[in-house]
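Have the structure open while you read.

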Amino acid sequence: MRIGRKQIMLDTSWQELANCLGVDPDLFFPERGASTREAKEVCKGCVVRDHCLEYALANGEKFGIWGGMSERERRRIRRSRSVARQAQPGVAASIETA
Ligand code: SF4
């Protein structure tokens with residue numbers, strides 16, 4: 001079964017399996033220019049990393065480390081997906097309605 005965009009936006013059950021449970025949230029929202037290395041280390045072995053990243057992308061999370069990626073890295077993914085959707089409009093339509 002394919003997971004639709006709405007399901008990703010609403011489902012937060014994956015958070016129960018997160019590596020960052022109990023870790024200081026400030027680690028994942030570093031000051032501008034501060035290191036993201038420690039947060040990314042926590043994310044490295046996280047079993048819900050992909051889900052976390054897709055959740056952040058679907059919800060337009062602009063700040064913090066999600067799925068082991070910074071805001072800048074997530075922006076890059078959003079841009080490349082947008083380019084891919086424009087190149088294949090039929091695929092984009094099926095993604096938007098899933
Ligand atoms: S990928 Fe990182 S931020 Fe996301 S749930 Fe796992 S540990 Fe937490």
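Before we look at how helices cross, here's what an axis is: a line fitted to C-alpha atoms, for helices over the stretch in contact. Keep in mind that this model is predicted.

Now, how do helices α3 and α4 cross? The axes of α3 (residues 49-58) and α4 (residues 71-87) come within 11 Å, at a crossing angle of roughly 70 degrees. Angles of 65 to 115 degrees count as roughly perpendicular, so α3 is roughly perpendicular to α4.

Which residues meet there? From α3 come L53, E54, A56 and L57, and from α4 come R74, I77, R78 and R81. That contact between α3 and α4 splits into four nonpolar residues, no polar ones and four charged ones.

Beyond its neighbours within four places in sequence, S70 touches K40, G64 and I65. As for R75, it sits 18 residues from L57 in sequence, with 8.7 Å between their C-alpha atoms.

Finally, the core. In soluble globular proteins, nonpolar side chains tend to be buried together. Here the largest nonpolar core has eight residues: W14, A18, C46, V48, C52, Y55, A56 and W66. Setting aside residues up to four places away in sequence, W66 has several contacts, including W14, F29, C52 and R74.

Conventions
Residues numbered from 1 in each chain as written. Predicted model: local features only at pLDDT ≥ 70, side-chain atom pairs only at ≥ 80, totals over all residues. Heavy atoms only, no water. Core = buried A, V, L, I, M, F, W, Y, C linked by side-chain atoms within 4.5 Å. Buried < 20%, exposed > 50% of the residue type's maximum accessible area, 1.4 Å probe, protein only. Contact = heavy atoms within 4.5 Å. Axes fitted to C-alpha atoms, helices over the stretch in contact; angles between N-to-C directions. Helix = DSSP H or I, 4+ residues; strand = E, 2+ residues; numbered from the N terminus. Parallel < 35°, antiparallel > 145°, perpendicular 65-115°, else oblique. Nonpolar A, V, L, I, M, F, W, Y, C, P; charged D, E, K, R; others polar.
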